[in-house]
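I opened this entry to record a few local features, looked up one at a time. The structure goes in first, then the notes.

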Amino acid sequence: MSTSDLLDLSAAAAAQALARGEVDSSELFDAYRARAQADELNCFTWVSGGEAPQALTGSPLGGVPLAVKDLFCTEGVPSQSGSRILEGYLPPYTATAVKRMQAAGATLLAKTNQDEFAMGSSNENSAYGPVLNPWDRGRVPGGSSGGSAAAVAAGLAPWALGTDTGGSIRQPAALCGIVGLKPTYGAVSRYGMIAFASSLDQAGPLTRDVTDAALMLSHMVGHDECDATSLGFPEQIALPSAESLEGVRLGVPEELTGEGIDPGVLDVFKAALEQAERLGASIEQVRLPHAPHALSAYYVLAPAEASSNLARFDGVRYGLRAEDAAELSGMYTRTRHDGFGAEVKRRIMLGTYALSSGYYDAFYGRAQRVRTKIVEDFRAVFERVDFIVTPTSPTVAFELGAKTADPLAMYLNDFCTVPMSLAGIPAISIPCGLSGGEVEPRGARSDARGLPVGLQLAGPAFSENRLLDAAHALERAIGFDSTPARA
Ligand code: GLN
């Protein structure tokens with residue numbers, strides 16, 4: 001097989017070729033390593049050197065290389081969560097999600113760049129510099145799993161592991177024209193993930209297609225005794241096979257498909273809904289009355305949890321330590337001053353304020369009540385429809401620097417994805433077309449007409465198998481061409 005044929009294989013196809021002995025695992029690893037080392041998009045914070053790692057013999061994945069978001073602890077390999085404060089940190093253990101992928105035969109190719117502590121929607125908050133979108137290098141890849149998304153879209157890795165707290169898998173997947181799945185909260189262990197907001201953080205796949213997302217998920221799910229919030233998945237995750245949407249009821253929430261969504265994005269979204277109807281789905285308008293309040297609740301709850309989670313970075317146990325302080329408390333302050341970036345400091349201040357005595361109930365308590373309302377909204381809607389469909393992101397990829405001065409504009413990126421995170425339900429983004437034909441792509445092949453738009457499908461907790469099937473049927477019908485990004 002030629003190198004370019006090798007690199008064209010999806011992860012599932014590569015696993016099959018490896019199992020049949022048509023492809024050699026070191027050859028595959030070296031081909032990807034060469035691509036990753038020559039990366040011009042700043043996707044990686046670390047790329048494997050030395051000998052190609054040996055895959056476990058007889059394992060189902062047989063040596064398919066995997067890129068892993070920086071915030072997953074990987075034994076002896078830098079795990080910095082995109083932050084200066086963890087620069088050079090080498091964990092003594094590996095996160096369960098990564099370990100399970102390795103046990104299934106995946107090999108660690110690289111660690112991917114991300115927004116610092118997963119706070120961001122553009123990857124511009126990384127201490128290791130922004131990641132460029134392979135469709136247009138003047139634009140952001142989305143965030144916070146931007147390195148993972150760009151690497152997969154550009155063909156620098158067959159697939160990647162990311163995390164999603166409010167949209168960080170789905171939104172970059174949408175902006176880079178790939179598939180991203182946020183599983184049901186608790187389906188995948190959080191053990192060894194450097195925490196942002198523990199009641200929301202969830203690991204999941206960023207892949208070229210829906211089958212690869214199912215394959216990765218199938219190897220990661222399940223209870224882990226190291227994470228008390230992890231749950232046994234009630235059934236086996238199967239590879240999707242559906243080609244029709246006959247009998248599937250899709251709900252389009254008014255609140256997430258109107259004001260605030262770019263008209264070009266809405267056009268592509270509506271065309272995808274027509275495709276779904278042709279495949280046999282029925283479509284109805286539904287209401288999620290509290291969804292417009294999701295972002296406000298999220299930006300109280302997530303910073304509150306972050307302010308507590310990030311208290312551990314004090315210069316004593318991990319990474320950076322300020323050397324010039326006269327005494328202990330000065331060392332703490334100096335380390336945190338030098339080690340955290342501006343967005344992380346903003347969130348710590350927001351969170352600490354929201355939790356402070358006298359304000360706790362007014363902010364944190366209220367946001368929790370909104371969260372419950374959102375859970376109830378979804379519960380009511382899923383009595384009537386199987387899945388909710390929305391655009392994943394209100395816009396296509398925007399230019400680098402366009403929103404860095406305006407945090408609120410940046411936060412709006414997650415308008416459509418945060419409600420599902422608060423409700424803990426699974427949601428997948430698949431590419432459904434291109435928008436913005438007037439853009440002049442820099443770096444992508446000249447046949448690209450516009451930038452990718454993502455379609456989000458969300459279902460009740462543990463509906464992953466049905467969700468993946470529906471996404472698979474739709475993906476086939478849409479036939480999105482992702483090759484321009486791999487040029
Ligand atoms: N963009 C959102 C934030 O900045 C979500 C990030 C995430 O999902 N990790 O918090």
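Which residues in H9 meet which residues in H12? I listed Ala294, Ala297, Val300, Leu301, Ala304 and Glu305 in H9, which meet Phe363, Tyr364, Ala367, Gln368, Val370, Arg371 and Ile374 in H12. Contact here means heavy atoms within 4.5 Å. By class, the residues of this contact are 10 nonpolar, one polar and two charged. Ala, Val, Leu, Ile, Met, Phe, Trp, Tyr, Cys and Pro count as nonpolar, Asp, Glu, Lys and Arg as charged, and the others, Gly among them, as polar.

Before going on I noted the ground rules. This is a predicted model, in which local features need pLDDT of at least 70 and side-chain atom pairs count only at pLDDT 80 or more, while totals for chains, interfaces and linings use all residues. Residues are numbered from 1 along each chain as its sequence is written, and side-chain values use heavy atoms, with hydrogens and water left out.

**Helix pairs**

I then took the geometry of the first pair. The axes of H9 (residues 294–309) and H12 (residues 360–381) come within 9 Å and cross at roughly 125°. Helices (H or I, at least four residues) and strands (E, at least two) are DSSP runs, numbered from the N terminus. Axes are lines fitted to C-alpha atoms, for helices over the stretch in contact, and angles run from 0 to 180 degrees between N-to-C directions. H9 and H12 are therefore oblique to each other; angles under 35 degrees count as roughly parallel, over 145 as roughly antiparallel, 65 to 115 as roughly perpendicular and the rest as oblique. I noted the crossing of H9 and H12 as left-handed, that is, the near helix is turned anticlockwise from the far one by less than a right angle (clockwise would be right-handed).

For the second pair, I found that the axes of H8 (residues 263–278) and H15 (residues 464–478) come within 10 Å and cross at roughly 110°. H8 and H15 are therefore roughly perpendicular to each other. Ala272, Gln275 and Ala276 in H8 meet Leu474, Ala477 and Ile478 in H15. This contact has five nonpolar residues, one polar and no charged ones.

**Helix H2**

I looked up which residues of H2 (residues 11–19) are buried: Ala11, Ala12, Ala14, Ala15, Ala17 and Leu18. Buried means under 20% relative accessible area, exposed over 50%, and partly exposed in between (1.4 Å probe, protein chains only). An α-helix has 3.6 residues a turn, so residues three or four places apart point the same way. The buried residues of H2 pack against H3 (25–37), S4 and H7 (210–220). Glycine 21 follows H2 and has a positive phi, near 75°.

**Aspartate 164**

I placed aspartate 164 in strand S4 (residues 159–164). Why does aspartate 164 count as buried? Aspartate 164 counts as buried because its relative accessibility is 0%. Its side chain reaches the backbone nitrogen of isoleucine 169 at 3.0 Å and the backbone nitrogen of serine 168 at 3.5 Å. A polar contact is a pair of N or O atoms within 3.5 Å; within protein, one must be able to donate a hydrogen and the other to accept it, and residues adjacent in sequence count only if both atoms are side-chain atoms. Leaving aside neighbours within four places in sequence, I found aspartate 164 in contact with Ile169, Arg170, Lys182, Leu200, Asp201, Gln202 and Ser421.

**Backbone exceptions**

Most residues other than glycine have a negative phi, and most peptide bonds are trans. I checked for departures from this. Serine 81, not a glycine, has a positive phi of about 50°. Serine 81 lies in the loop between S2 (65–69) and H4 (96–103), and at 0% relative accessibility it counts as buried. Asparagine 123 has a positive phi near 70°. Asparagine 123 is in the loop between S3 and H5, and it is buried at 0% relative accessibility. The peptide bond from glycine 143 to serine 144 is cis, with omega near 5°. I found serine 144 in the loop between S3 (107–112) and H5 (146–153).

**Two further residues**

Is glutamine 37 buried or exposed? Glutamine 37, in H3, is exposed at 53% relative accessibility. Not counting residues up to four places away in sequence, glutamine 37 touches Val47 and Ser48.

Glutamate 399 is partly exposed, with a relative accessible area of 39%. With residues up to four places away in sequence not counted, glutamate 399 touches Gly138, Arg139, Val140 and Arg442.
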